[in-house]
Amino acid sequence: MHSHPDALLRPDDDDALRQALRRLHDHSGIPVLFGGQVENTLLSLSQYIGVRTAGLRGLRVRAETGLGGRVLTTGRPAKVTDYRSARSITHDYDRPVLTEGIRSVVAVPVVVAGAVRAVLYGANRGPAPLGGRAADAVADASRRLAAELVIRDEVDHRLRLLGAAQGSAADGQRGVAPEELRQVHAELRRIAQQVPDDDLRGQLLDAAARLARPSAAHSARRTPLAPRELDVLAQVALGCSNAEAGRRLALLPETVKSYLRSAMRKLGTSTRFEAVVAARRQGLLP
């Protein structure tokens, strides 16, 4: 789950994990939170909120060992109300856990495409065990983080296609078919609208723009289009109807029509087809 060297725009996934824990702490008030990424069936703790000792820092949890190892194996949340006396888990990590004073703890996997990619923990030092509301809060944070990772994975996939196209062009090979590039361009723009991080969204849109630049060779003037106008045109360029473009972009068909009319007016065209052609000539679409 770490940043891949061939994923040009993917930030460190630990940043997403850190943000998930901070948001969880702000909304739940759970006193101790920690978590880490999973790689090669090994969970490496890397993010912490509310810890007092160094015992949990950098701890590596193996499958089937401790509460986290149980979660790694089953892919399902697990909880103990009194860690010291719990018989449902192994006690390989008693020293760091008990030194931290943890008594009640819940662990929830972050599952993407059937694989556990990370584990989030919520814990309490007091005699009162964590309740169902706290467990639900951790589970909700897990789902949100999983959704973020799904988006990042999809972006990686699209950028690898882009990299293959650029590499083939540099080598004088045929490269990716224009229709495939247009699909990648439209998908990058669509995915960008789902990304909450402003910097990542901007980089995604820049990557999409790079796909369109070769078609701008004969154009000295570029018509400024609003982001949503360009999103709609990118879908129209794939042959989508207004209704289909709306479904893909989570817009009403009437809203799609409005953006399309505005783009056509700016481009000085009177039909959908003319608008797409004009946008391609200006390097706005591949």
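Modeller: Let us begin with Asp140. Asp140 has a relative accessible area of 31%, and is therefore partly exposed. Bear in mind that this is a predicted model.

Biologist: Why is Asp140 called partly exposed?

Modeller: Buried means under 20%, and exposed means over 50%. At 31%, Asp140 falls in between, so the label is partly exposed.

Biologist: What makes Arg143 exposed?

Modeller: Its relative accessible area is 53%. The cut-off is over 50%, so Arg143 counts as exposed.

Biologist: How do you know that Asp140 forms a salt bridge with Arg143?

Modeller: The closest N and O atoms are 3.8 Å apart. The limit is within 4 Å, so the pair counts.

Biologist: Why are Asp140 and Arg143 separated by about one helical turn?

Modeller: Because they are 3 residues apart in helix α4 (residues 132-170).

Biologist: What makes Arg248 and Glu244 a salt bridge?

Modeller: Their side chains meet at 3.4 Å, N to O. That is within 4 Å, so the label holds. Both residues lie in helix α8 (residues 242-249), 4 residues apart, so about one helical turn separates them.

Biologist: Why is Glu244 called partly exposed?

Modeller: Glu244 has a relative accessible area of 26%. That lies between 20% and 50%, so it is partly exposed. Arg248, at 34%, also counts as partly exposed.

Biologist: How many salt bridges does a search of the whole structure find?

Modeller: It finds 14. Asp13, Glu148 and Arg152 are linked in a network of salt bridges.

Biologist: Now the rings. How many aromatic pairs does the search find?

Modeller: The whole structure gives 1 aromatic pair. It is formed by Phe34 and Tyr121.

Biologist: Why is the pair of Phe34 and Tyr121 called stacked?

Modeller: The centres are 4.4 Å apart, with 15 degrees between the planes. Phe34 is in strand β1 (residues 32-39) and Tyr121 in strand β6 (residues 115-124), 87 residues apart.

Biologist: Are Phe34 and Tyr121 buried or exposed?

Modeller: Phe34 is at 4% and Tyr121 at 6%. The cut-off is under 20%, so Phe34 and Tyr121 are buried.

Key. Residues are numbered from 1 along each chain as its sequence is written. This is a predicted model: local features need pLDDT of at least 70, side-chain atom pairs count only at pLDDT 80 or more; totals for chains, interfaces and linings use all residues. Side-chain values use heavy atoms; hydrogens and water are left out. Rings of Phe, Tyr and Trp (its six-membered ring) pair if their centres lie within 6.5 Å; planes under 30 degrees apart count as stacked, over 60 as edge-to-face and the rest as tilted. Helices (H or I, at least four residues) and strands (E, at least two) are DSSP runs, numbered from the N terminus. Buried means under 20% relative accessible area, exposed over 50%, partly exposed in between (1.4 Å probe, protein chains only).
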